[in-house]
Structures are given as structure tokens and as C-alpha cells.
Amino acid sequence: MSDPPPSPLLTLRGIGKSFLGVRVLGGVDLDVVPGEVHAVVGENGAGKSTLMKVVSGGYAPDEGTMEFAGVPRTFRGPRDAQRAGIGIVHQEFNLLPERSVAENVYLGHEPVRRGLVDRATMLGRTAELLASIGEGALPPGARVGDLGVARQQVVEIVKALALDARLLIMDEPTAALADHEVEQLYTLVRRLQRRGIGVLYVSHRIREVFDLASRITVLKDGRLVTTVDAGDVGAGQLVRHMVGRDLSSYYPGRAAPGESGAVRLAVRDGGNRTLRGVDLRLRAGEVLGVGGLQGSGRSALARALFGAVPFTTGEVTLDGAPVRLRSPRAAMRAGIAYVTEDRKGEGIVGGRSVLDNALLASRAVAPAWRGRGARTARIRELLAAVDVRAAGEDQEIRFLSGGNQQKVVLARWLALGPRVLLFDEPTRGIDVGAKSAIHDLVRRLARDGAAVLMISSELPELLGMSDRIIVMRDGRIAGELPAGATEENVLALALGTAPEAAR
Amino acid sequence: MRIAERRRLPVRPGRSRSGSLLPILAILVALLVALTLRQPDFLSPPSLMSFLGRSAPIILLAAGQYFVIVAGEFDLSVGSLVTAQVVVAARLIDSEPSRTWPVILLLLAFGAAVGLANGLITTRLRVPSFITTLGMYLILVGAVYLWSDGAPKGGLAEEFRRFGRRAFEDVPLLGRIPYALLVLLVVAGLAALLTRSDFGQTLVAVGGNPRTAELSGVRVRSVKTAAFVLSGLSAAVAAILIGGYSGVSFQAGAGLEFGAITAVVLGGVALGGGRGSVVGAMLGALTLETLFTLMNFYGVSGALRSTVQGAIILLALAVSSVRSVSR
């Protein structure tokens, strides 16, 4: 990659875009050369998605020029851009789960012979494409719905390749992947690179960006901050570019010795269909991190403690008294709150307002007619206290950013004054700035005396936030680590030493 | 800009606030204007009062159906429930005025029980409500035939019928106010209060995302069952008015379930749940009745009613899904 730079595949100069008079993008310059992975980073709302839509033909820019393969272009729509050789893999896939891999790959441009779809050719070409990116093991006749998320993503990529894409846009490609699948994606991206395909890689995971990209473009508030060579900057500097803050101030301080108090929640030999022999002590004032691979029982633990999928064996005590957590209501009555991993599917009611979402739990557990005004006033205070940013409390929550949605969910629980808070991937899909706000809130809650259990797949977050860490494997607690453990310690426990323990 | 400092959503051009009553009000006003052009005295108090009285049952049913639909379910059983109620009332009262009030209480209990059965079968046995209530519809039709040996027996006492066809006479300005209208106003007021209560708000959240609701401590199954009970109760009240107004027949409630669903959808309530207001649903019913009256005046065949209802449902769904895609 240190060869003299080849002529760029894509050149953007002074690109700008406004909606209803609001300028969401302005003055953006960007080049991608063949075989380059060029990362685009920025907080949510920085203009990444808009820029990607401009490049892929979804929006026509109001200002600036775009050249693709040396020719000035304005695309009339996504298909136009596709024909020109720009493919995009969205965060949410556009696949037909009931159809085969090959049918998905050639959807809309099936090879035809004598007026009929030529299935043999279609399967053959798909197999070739798959083999060319080292995914020959994936059968082209397989039903897409039967594939895991990682392999569905491969299908999306092959879909773009089938249209001879020379520039591939990948929008948060790892958001849906488990840790070990990310490595496979890396390999795939590097293969594409070797074929001379330019990759525009949108992500807010700093680590990935450094792992893959040779150049990084930082956007903030719709403007270009800078484009840097990945080798020239450190993670801290990059984050500073994105948010104007240092990485070192990224995690709030841990609990001081003595800050964590008595055992609040204790589980002895807890088990159910997915969990076995869980022994756990959670203290007031501490953040207990829970690590492990996806499917290791991390979420199952939180769900058992919240009564959503209760323990069927063992016993749980809360402040020393035995409790039976048979349903979410029972857990809530006992003072347990659960911030779910799947925010859209289980955390919010997208079509309801910010205020209604924040009131949901209070209304359910303590319905009231008189005193509603005072309750609403309290919720308003809480929404302000967690610093929710929205156009108004009556705005539908689905229009808020992930970080703000999460704060509303948090306000919902704080209204019940919980003694135990269970967080499942509290910052997934949340941009860097809001992420540290959530981290601060989590720590503040612990300082105020709550017992916090926090599940995280992001090792830096897990290590940075936790006072202690337990690591799950195969439905059991594989081990416990003190604050200051390393990523290697966590991974060793998560993967286990014996091969069968690593699944 | 913290939320505590700014509460109201700024007006965003080109996007009407969801759940707004403006579209349905606009349609209603347009239809009323068309109607007065054709029939200038339609808006005169006597004609308007009797129109509102006549429309009361479908508006009540729309209110009941609102609770079920906003929670993400359907109630197809209300039409045959109304028929069953009217036939049962006639046979039990058997023209004996003193039985009026006991029978009214019995009808309310009957409606609630049918709603309870619908709710329990849907939530506990996990039968989709479309199927549950379709089954209930068929069961009620058959049971009523069987119970009355194929022809309605007995008769409704005048005591009972007055709710559907009598009015306060000689009211200043308005002329006469049908009892049915008063019943409607009371029930509508209760329904509006209920939707503002925690139960009503929780119900909409259940329709919007049952998983989130469950994990926020909502007893989703009980809340949905309660919605079916409300629908059954509204059918009972509607049956009392319909029996009074048009008398006893096996056709008393025919097709009302589709009328109610059309009205609710027309009123801006999302099929599938999670969005809409009970006032919108009731305005939808009023609009539908206005439309039918208009069709009547223009000599359009009454046979087109169901075609119009079908078209409205399809159109409303198409509009709402186009809107949600463009967001």
C-alpha cells in the first residue's frame, strides 16, 4: 500500500446536502483509491449516513462534485449507482430469507436462458463469486434464512460483487456480529482489498477502524474535520477529533475501596434451561461486569435475575431476604431494573412519545389517577437529569438517537428507584459522545448506592467500567477477575482452555 | 436544550403529527358540506339530533373496537354478539316491562363474558384474535338460532325500547335529544377518560411493542383481555340501543363488526396497534355514517356499503404504510 497512489476511484469535492433548509452536510472532500479501506467515523448525526447515501445514489447532493472512476457523475438513484459499480451493504440486510443464496445474489438480474431463469448458471456463478472471496464453503443453494448473521452479511457482499462493484460501502458492518465473527469479516475485507475494490467503511468502533483502514476521515456536525493516515494518529487523538475529548477521560473512575457496600443480591446454585450452577454476589455500590461470548449465558443471567426467564433451581436473596423472581413484575417490585440489549425490539415502544416511554414502567406497576401530575413532573426531572436531548417530550422516541433512547429507558427505570440495575450491552449502537454519558450515568448510579450488573461485549468498556468482572461460558460462570484484568484474561476465560469448552 | 426547558414539538412542515384528529375532521367536514349542499336542512337541529341518535350504536362499537385494535388485536364477534343480545333480550323480557333492568344487567354481563372468553382464548391459548373472534362470531350465530328454534321469540317491552327510540322532547334550541345520544355521550366520556388513564396508555404501549411492555412490568395478557371485555360491553350497550330502535331480528347486528373496524381505521387508528385515539375512532364512525347518509341522498345503492367499507380499509392501510415507508 506504500506504492505511489493510483488514480482515485472516487473523488468528492465540497459535497453538501440540506433538508428543508437545514444543512446536514457541507464542504466534504473525500477520495478513495482502488484497494483502499477508507474509514468514515463520527458521532451519530455527524453526517456519515447522509454522505453514504449521496455516494450510493440515495440522495442527490446540493453542492459539490462527485467523480467516479475519473468521470463526473450524478446518480439518479441507487440502481444508477449500482450499475456504475458502487455497492452498499447496509447495517440492516435486504435479503429474502426464504430464497437461496444464489437467488438473493442475482435478485432482479437473474441470468436468463430462453426466457427462463438459468438456475445452473446462477448457482455456478454464485459459487465462483463465493470462492473468489474465500467463502467457498457456503453452498449457493442454501436458504438464506438458515444462515447466521455473519454469513448473511457475506451474501450481501457477494450481491454487490455480482454487480461488479468497484467501490463497496459498508455501514456499521460489525454491529450485528459476535466478537469471533468480526475477525472473519476482517479477512473478507482484506480479500476485497486485494482484488482492487475500494471500501468505504463506516463505523464508530475505533478499534476496527485502526485494524482495517489505511485512511480515516472524521466528520462532525456534517462537516469534514480531517482525513488522516491511520498510522499517524492514536485512538485518543481520533476520539478527540470526533468529540473534542480525550480517550483517557472516557471511563469514569471506579469505586474507591469501601465504596462498595454489603451484598445486595446473591444467587446460590441458580440454574434453568441455559444456566447451570450460578453463584453470584452483587454488592451495593459496585459495577459488576459480565463478559463472555455471545450465547455464553450472559443475557440469560440478566433475564433470570429479572424474572423474564426465571431460575428454576437455586435460591436468590436480596439484602439477605430470599426473593422469588418469577416474572418481570415480581423483579421490579423487588427493586430490580433491566435495560435490555435489543433496544428497538425490547427497550422502547417506537411509536410512542419520549414521555410515554419514560412513564411505561411506572404506569404498569403503580397505576394511579390522582397524583399523575406529580409523577409526570418527576419523570420530567429524571429525563432532564439523564440529559435526554429531543425536540420535545412528545416526540416519538424512534426519531431519537440510540443514546437518547437509552437515556429515556434509563429514566423509566430510575422512576421506580431500583436497588439493582441490570444493563445488557448498554452502549451498543450508541455513538462515542453519548456512550461516555451512559458510562457516567452507570457509575453515578453505583455511587448513589445501587448495585449494578453490566454485560458488555466490548472488552475496553468491560475493563474500563467494572469493579469486578465475571466471565460466562456455556451457561456457567467460568471465573471472576478483579479490576485491572487484561483483555487476554477475559478472553482466556471466555474461550476456555479445552476445545469443547470453546464451543 | 434540555427537555425540561422545551416541551412542545416544533411544527414540522409537510408532516402532520401522528395521531392527530385533523385528517378525520377534515373528511367529516367535507362530507357534511356535501350533505348540506344536497339537503340544506340536514344540519337543522331535529335532523341532526336524530342522525346522531341513529349513529350512536356504531360509534359505541367503534369505541369498543378501538381498545381491541389499539392493543394489536381484532374483534370480529361484535356483530353477532349484538344480534345475540337483542334476541336474548326479547325472549327474556317477553314484553314484561318489569324485567327491563335485570335483563339490561344480564346483557352487560353477557357482553363482558363473551369479551372475557375472546380475551382468554387469544392470550392464554395463543389463538390469533382474528380467528378467535371469527370462531366466536360463528358460535354465537349458531347458538342464537338453536336457542330460539330459528325464529326470534318474545318481544321487547317499551321500557327497554325507549333507550333506542325515545327522546327528551321540546328541548329549547335543539328540539329533541334522543336518549341514545345521551347514552353515547356518557359512554364516550368514559371511554375518553379511560384512554387517558394508566390503563389506556399502557394498552397503546402493548399494541406498539408487547415485548417492551412485558419487560416493563405490564401484564400484557390481562391488559389485552380487558380490551376484549370493553369491546363486549360496548356491544351490549349498542345492542340495547339497536333493539330499541329497529326491533328484534336475526339481522340486528349483521355486518356491524366490519363497520366498527372500518370506522376505527378511518379514525386514524393503526391496525396492528400502538397508535390512535378513541375520539378519532368515534369520529371515524360518525364520518362513516355521514358517508352512508350522503350515498343515500344521492341514490347510491345500499348494497355498495360493504364495497365502500372495504375500499376505506384498503385505502387507509395503503396511506399509512406509504407514510411509514417515507419516514
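Helix 15 of chain A lies across strand 15, strand 19 (420-424) and strand 20 of chain A, and its direction makes an angle of about 150 degrees with strand 20 of chain A. What we have before us is a predicted model, in which local features need pLDDT of at least 70, side-chain atom pairs count only at pLDDT 80 or more, and totals for chains, interfaces and linings use all residues. Residues are numbered from 1 along each chain as its sequence is written, while chains are lettered from A and ligands numbered from 1 in the order in which they are written.

Some terms come first. Helices (H or I, at least four residues) and strands (E, at least two) are DSSP runs numbered from the N terminus. Axes are lines fitted to C-alpha atoms, for helices over the stretch in contact, and angles run from 0 to 180 degrees between N-to-C directions. A contact requires C-beta atoms, placed from the backbone, within 7 Å.

In chain A, 6 strands form an open sheet with mixed pairing, in the order 18-19-20-15-21-22; two strands pair if DSSP finds at least two bridges between them. Strand 18 (336-339) and strand 22 (476-482) of chain A stand at the edges with a single partner strand each, so one side of each has no neighbour in the sheet. On average, neighbouring strands of this sheet are turned by 20 degrees against each other, direction ignored.

Within this sheet, strand 15 (residues 287-292) and strand 20 (residues 451-455) of chain A run parallel and are joined by 4 bridges. A:V290 stands opposite A:I455 of strand 20 of chain A. Helix 17 (residues 487-495) of chain A lies across strand 15, strand 21 (468-473) and strand 22 of chain A, at about 30 degrees to strand 21 of chain A.

What does helix 15 of chain A meet in helix 14 of chain A? A:G403, A:Q406 and A:L410 of helix 14 of chain A meet A:A434, A:K435, A:A437, A:I438 and A:L441 of helix 15 of chain A. By class, the residues of this contact divide into 5 nonpolar, 2 polar and 1 charged. Here Ala, Val, Leu, Ile, Met, Phe, Trp, Tyr, Cys and Pro count as nonpolar, Asp, Glu, Lys and Arg as charged, and the others, Gly among them, as polar. The axes of helix 14 (residues 402-414) and helix 15 (residues 432-447) of chain A come within 9 Å and cross at roughly 20 degrees.

A second sheet of chain A deserves attention. It is open and antiparallel, with 4 strands in the order 14-13-16-17. Strand 14 (278-283) and strand 17 (321-323) of chain A are its edge strands, each pairing on one side only. From one strand to the next, the twist averages 20 degrees.

Strand 13 (residues 263-271) of chain A has 5 bridges to strand 14 of chain A and 5 bridges to strand 16 (residues 313-318) of chain A. A:A266 stands opposite A:R281 in strand 14 of chain A and opposite A:T317 in strand 16 of chain A. Strand 16 and strand 17 of chain A are joined by 3 bridges, and A:L318 has A:A321 as its bridge partner in strand 17 of chain A. The hairpin of these strands has 2 residues between them, and A:D319 takes a positive phi near 50 degrees.

Another hairpin is built from strand 11 and strand 12 of chain A, again with 2 residues between the strands; A:D221 in its turn has a positive phi of about 50 degrees. The two strands run antiparallel with 6 bridges, and A:I216 stands opposite A:V228 in strand 12 of chain A. Strand 11 (residues 215-220) of chain A is also joined by 4 bridges to strand 3 (residues 37-41) of chain A, and this pair runs parallel.

I close with chain B. How many residues of chain B are in contact with chain A? There are 29, and they touch 36 residues of chain A. Helix 8 of chain B gives the largest share of this side of chain B, 7 residues. The side of chain B that touches chain A has 11 nonpolar, 9 polar and 9 charged residues. Within chain B, the axes of helix 4 (residues 100-123) and helix 10 (residues 220-246) come within 7 Å and cross at roughly 145 degrees. The residues of that contact comprise 16 nonpolar, 9 polar and 2 charged.

How values were computed:
Contact = placed C-beta atoms within 7 Å.
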